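Okay, thanks for coming, everyone.

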Amino acid sequence: MFFASDNWAGAHPRIAESLAREATGYAAAYGTSDLDRRMEERFNDLFQREVAVFFVGTGTAANSLALASVAKPGGVTFCHSEAHVTADECGAPEFLTGACRLVPVHGPGGKMDRDALTAAIGRFPPGAVHQGRPMAVTITQATESGTVYTLDEIEAIGTIARENDLPLHMDGARFANALVALETTPADMTWKRGVDILSFGATKNGCWCAEAIIFLRPELAREMPFIRKRSAQLFSKTRFISAQFEAYFEDGLWLDLARNANAMADRLRTGIGGSAKSRLAWSTTTNEVFAVLTKDAAERTEAKGARFYDWPIPAETPDLLQENEMLIRLVTSFATTEEDVDRFVEFLA
């Protein structure tokens, strides 16, 4: 009953097998192998256009270097107030962009409110040297609250970004989970809606260590080869990241893994909603579930072996909890089984 994070899950066997195959023999280094080139073409096919692909080792690196590629002196990036880039990356985006700032924008359900975004951008008039200047907008898909931006919502934010001549970045740490939840395509969820740069995450969805920065407008990637090298993210044996992606995409494995995680979360949501000892804190559609439990129920399930995280109460719901209650986050993964979920629900009772 490991629901603390999808990062706790291991690697899918097919991805491990692909790594093992690549471990024998020789190949050109630093992203120049035949396998690396094939995976770059695979991303072109996936997004239905030519893209620029840069493999990195972590989601933090992907987000931070993506923003560094569009950094400017005095630059500010607009993000949701609970976004991973501002809440969970130890200042890496600010550090790697040369002290550019993150400006939080509020909105319900982990999604930026469009009017609030417009107002936030408006506080930085062109040429106002004392305030700084806008340089990017970033959204998280799926969000830190387990919700997803609809295609229309992405497009609306993309329109605001374009009107202000700002690139739109998407943190896609759980990109596959959002994609299958919306039943759409990578192209429709990104560049067709105005997304310019994507942090494409696969580690949470069955890979060992596979993240990519995807420039959906390749002209924005001019400085990235140097930024990645200077930031110690140019792997010499990049083919081992490519080997993971090769297995990840083969026969739609990546979508099947995300569907399992989302389906197990649906099962968990149903079980929690039917328990007298718990309730759903809010509605989610991906593999993150937020629940309110009585403290004794939480202690009982932990004693039985369940693992989850206590979660801070969102600013928008200050009165969420009653006495003797706590908010927790549960995350399912490609490896979560029905038995895992059913045991947890049983112990809740």
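I'll start with the sheet, then go to one strand inside it, and finish with a helix.

Before anything else, please keep in mind that this is a predicted model.

So, the sheet. What's the strand order? We've got an open sheet of 7 strands, and the order reads E1-E7-E6-E5-E4-E2-E3, with mixed pairing. As a reminder, strands in a sheet pair through backbone hydrogen bonds, and they can do that parallel or antiparallel.

Which strands stand at the edges? Those are E1, residues 52–56, and E3, residues 101–105. Each has a single partner strand, so one side of each has no neighbour in the sheet. As you go from one strand to the next, the twist averages 25 degrees.

E3 pairs with E2, which is residues 75–80, in the parallel sense, over 5 bridges.

Why do I call E5 largely enclosed by the rest of the structure? Because 5 of its 5 residues are buried. And both faces are covered: on one side you've got Leu168, Met170 and Gly172, and on the other His169 and Asp171, all buried.

What about its partners? On one hand, E4 and E5 pair in the parallel sense over 4 bridges, and there Ile139 stands opposite Met170 in E5. To get from E4 to E5, the chain crosses through helix H7, residues 151–163, in a right-handed β-α-β crossover.

On the other hand, E5 pairs with E6, again in the parallel sense and over 4 bridges. Here, look for His169, which sits opposite Ile197 in E6. The unit made by E5, helix H8 (residues 175–182) and E6 is a right-handed β-α-β unit.

Last stop: helix H10, residues 239–249. Of its 11 residues, 9 are buried, so H10 is largely enclosed by the rest of the structure too. Among the buried ones are Arg239, Gln244, Phe245, Tyr248 and Phe249. And after H10 comes Asp251, which has a positive phi, near 55 degrees.

That's my tour, so let's open it up for discussion.

Note on methods
Residues are numbered from 1 along each chain as its sequence is written. This is a predicted model: local features need pLDDT of at least 70, side-chain atom pairs count only at pLDDT 80 or more; totals for chains, interfaces and linings use all residues. Side-chain values use heavy atoms; hydrogens and water are left out. Two strands pair if DSSP finds at least two bridges between them. Helices (H or I, at least four residues) and strands (E, at least two) are DSSP runs, numbered from the N terminus. Axes are lines fitted to C-alpha atoms, for helices over the stretch in contact, and angles run from 0 to 180 degrees between N-to-C directions. Buried means under 20% relative accessible area, exposed over 50%, partly exposed in between (1.4 Å probe, protein chains only). A crossover is right-handed if, with the strands pointing away from the viewer, the path from the first strand over the helix to the second runs clockwise.
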